[in-house]
Amino acid sequence: MPPHVLILGGTTEARRLAAALAARPATRVTTSLAGRVTRPGALDGEVRVGGFGGPDGLAAWLRERRVDAVVDATHPFAATITANAATATAAARVPLLVLRRPGWRPGPGDRWHPVPSLEAAAAALPSLGRRVFLTTGRLGLAAFAGLTETAFVVRSVEPPEPPLPPHTHVLLARGPFTVADETALLREHRVEVLVTKDSGGAATSAKLTAARDLGLPVVVVRRPPLPEGLTALPDVRGVLDRLDEVLAGPSGQAWRPSDRTPPMCAARRCRCPRA
């Protein structure tokens, strides 16, 4: 049987990884989506939608589907999914890799205010401005609902879930965005402060450049830490190289697409021919 890789997806990097693995003739790839986006784009390989029922359900699924490696390529703020994956893979004795795009870093001229949570971001706003561009996604807006004297422009891919701040204007849009577009938006809505999560990547970074050019403060919610013992890989190429090592046999030679049969006992799961 070819090695089976499960991708916990939902990000651009997860999509690229699925395409790269599906192009290998001797690899089976399944991407799991949480189902929070109603119209996800097409994905290479097999796709499943919905939760697993916690870490125990995921561990059972890994055993039943004979998964040989898991790649957590979820959003950097999907802390619950990452924690469940760490627990489940340890229980099922399946290797776990984490794919995370690098976070943003402030540069000259940036007025960043790092905070540990959405609640801390809300607490920081009254002293920074009352016209806010909020780009933290459609979940978690309840943290800002108590700011009754603040006007929010909320941008989200899907309609946000209540409760919302009382003075909220919703923009439904998906990146990438240009610096010119972001600058025009900030000026049109007379934004005084930007709030964002440290998602990283180029698709939504133009807002940071626009805020810097306009001299606006930016409240940046820091990423949650990874579970103990996990280290993130920053790109698809690094994950592919690491998967080759993980799926290598006892000789240390990785199973390449040109190989006719996989190495035996790869990734601590025996592939010995059955009688």
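Contact here means heavy atoms within 4.5 Å. The views below all come from a predicted model.

**View 1. Threonine 74 and the residues around it.** Let's start in the loop between strand S4 (69–72) and helix H3 (79–92), which is where threonine 74 sits. Leaving aside residues up to four places away in sequence, threonine 74 touches Leu8, Gly9, Thr11, Ile81, Thr82, Leu99 and Arg100. Is threonine 74 buried or exposed? With a relative accessible area of 5%, threonine 74 is buried, because the cut-off for that label is under 20%. Its side chain also makes a polar contact, at 2.6 Å, with the side chain of aspartate 72.

**View 2. A nonpolar patch on the surface.** Here we move to Leu164, Val170 and Leu172, which form a nonpolar patch. Together they have about 220 Å² of accessible area. Leucine 172 belongs to strand S9 (residues 168–172). That leucine 172 has a relative accessible area of 52%, so it counts as exposed, the cut-off being over 50%.

**View 3. Arginine 212 meets aspartate 110.** Side chains of opposite charge can pair when their charged atoms come close. A search of the whole structure turns up nine salt bridges, and one of them joins the side chains of arginine 212 and aspartate 110 (2.9 Å, N to O). This pair links distant parts of the chain, 102 residues apart. Arginine 212 is in helix H6 (residues 206–214), while aspartate 110 is in the loop between strand S5 (96–99) and strand S6 (111–115). Arginine 212 is partly exposed at 31% relative accessible area, whereas aspartate 110 is buried at 17%.

**View 4. Glutamate 161 pairs with arginine 138.** In this salt bridge, the closest N and O atoms are 3.1 Å apart. Again, distant parts of the chain are linked, this time 23 residues apart. Glutamate 161 comes from the loop between strand S8 (151–156) and S9, and arginine 138 from the loop between strand S7 (131–135) and S8.

View 5. Arginine 237 forms a salt bridge with aspartate 241, and their closest N and O atoms are 2.9 Å apart. Both residues lie in helix H7 (residues 236–246). They are four residues apart there, so about one helical turn separates them. Arginine 237 is partly exposed at 47% relative accessibility, and aspartate 241 is partly exposed too, at 37%.

Methods: Residues are numbered from 1 along each chain as its sequence is written. This is a predicted model: local features need pLDDT of at least 70, side-chain atom pairs count only at pLDDT 80 or more; totals for chains, interfaces and linings use all residues. Side-chain values use heavy atoms; hydrogens and water are left out. Helices (H or I, at least four residues) and strands (E, at least two) are DSSP runs, numbered from the N terminus. Buried means under 20% relative accessible area, exposed over 50%, partly exposed in between (1.4 Å probe, protein chains only). A polar contact is a pair of N or O atoms within 3.5 Å; within protein, one must be able to donate a hydrogen and the other to accept it, and residues adjacent in sequence count only if both atoms are side-chain atoms. Patches are made of residues with over 30% relative accessible area and no salt bridge: like charges are joined within 9 Å, nonpolar side chains (Val, Leu, Ile, Met, Phe, Trp, Tyr) within 5 Å. Accessible areas come from the Shrake-Rupley method with a 1.4 Å probe; for residues, only the protein chains shown count as cover. A salt bridge is a side-chain nitrogen of Lys or Arg within 4 Å of a carboxyl oxygen of Asp or Glu.
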